[in-house]
Amino acid sequence: MFDIIFHNKYRGHHLCFCNSGKKLRDCHGKLVFKIISHSTLREKFIHEFLLIESCKKEVIEYCQRKKLHKMRNILLQKELK
């Protein structure tokens, strides 16, 4: 989703990023198009996404220190996708 919004690459005929098997226009397309077409929403989305990404490594390290291996593995699996 970030790549589509960041690069303004909305293509409704492509498969949706959520892995539903539907085309983007039939799934999350309205939401993505709304964010892309409003510069304020787009800037806010990009800013919040980058904040989340910067915190992800800290959360994984915290899970490692506290021996929360199951949570750490879930986070790492999502990062690999």
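**Group meeting: cysteines, core and pocket**

Okay, let's start with the cysteines: searching the whole structure turns up zero disulfides, a disulfide being a pair of cysteine sulfur atoms within 2.5 Å. Take Cys18, which is in no disulfide and has the sulfur of Cys27 as its nearest cysteine sulfur, 3.6 Å away. Cys27 is in no disulfide either, and its nearest cysteine sulfur is that of Cys18, at 3.6 Å.

Before I go on, a word on what you're looking at. This is a predicted model, where local features need pLDDT of at least 70 and side-chain atom pairs count only at pLDDT 80 or more, while totals for chains, interfaces and linings use all residues. Residues are numbered from 1 along each chain as its sequence is written, and side-chain values use heavy atoms, with hydrogens and water left out.

For the cut-offs, buried means under 20% relative accessible area, exposed means over 50%, and partly exposed is in between, with a 1.4 Å probe and protein chains only. Then there's Cys55, found in helix 3 and partly exposed at 38%. Helices here are DSSP runs (H or I, at least four residues), numbered from the N terminus.

Now, which residues make up the largest nonpolar core? There are 10 of them: Phe2, Ile4, Ile5, Cys16, Leu24, Val32, Ile35, Ile36, Phe45 and Ile46. Two or more residues each come from helix 1 (2-6), helix 2 (29-37) and helix 3. By core I mean buried Ala, Val, Leu, Ile, Met, Phe, Trp, Tyr and Cys residues joined through side-chain atoms within 4.5 Å. In soluble globular proteins, nonpolar side chains tend to be buried together.

Let's zoom in on Ile4. Leaving aside residues up to four places away in sequence, Ile4 touches Lys9, Tyr10, Phe17, Leu24, Val32 and Ile36, and a contact means heavy atoms within 4.5 Å. Tyr10 sits in the loop between helix 1 and helix 2 and is partly exposed, at 23%. The C-alpha atoms of Tyr10 and Ile36 are separated by 8.1 Å, though the two are 26 residues apart along the chain.

Two asparagines to check on your screens. Asn8, in the loop between helix 1 and helix 2, has a positive phi of about 50° although it is not a glycine. Asn19 lies in the loop between helix 1 and helix 2, and its phi is positive too, about 65°. Asn8 is partly exposed at 39%, whereas Asn19 is exposed at 70%.

Last stop, the largest pocket. What lines the largest pocket? Met1, Phe2, Phe45, Phe49, Ile52, Glu53 and Lys56 do. Helix 3 (residues 39-65) gives the largest share of that lining, five residues. About 190 Å³ of space lies in this pocket.

Definitions and conventions: On a 1 Å grid over the protein atoms alone, a cavity is a set of points where a 1.4 Å probe fits but cannot get out, and a pocket is an open set with protein on both sides within 12 Å along at least five of seven lines; lining residues have an atom within 4 Å of a point. Grid points are joined across faces, edges and corners, and a volume is the space filled by probe spheres set on the points.
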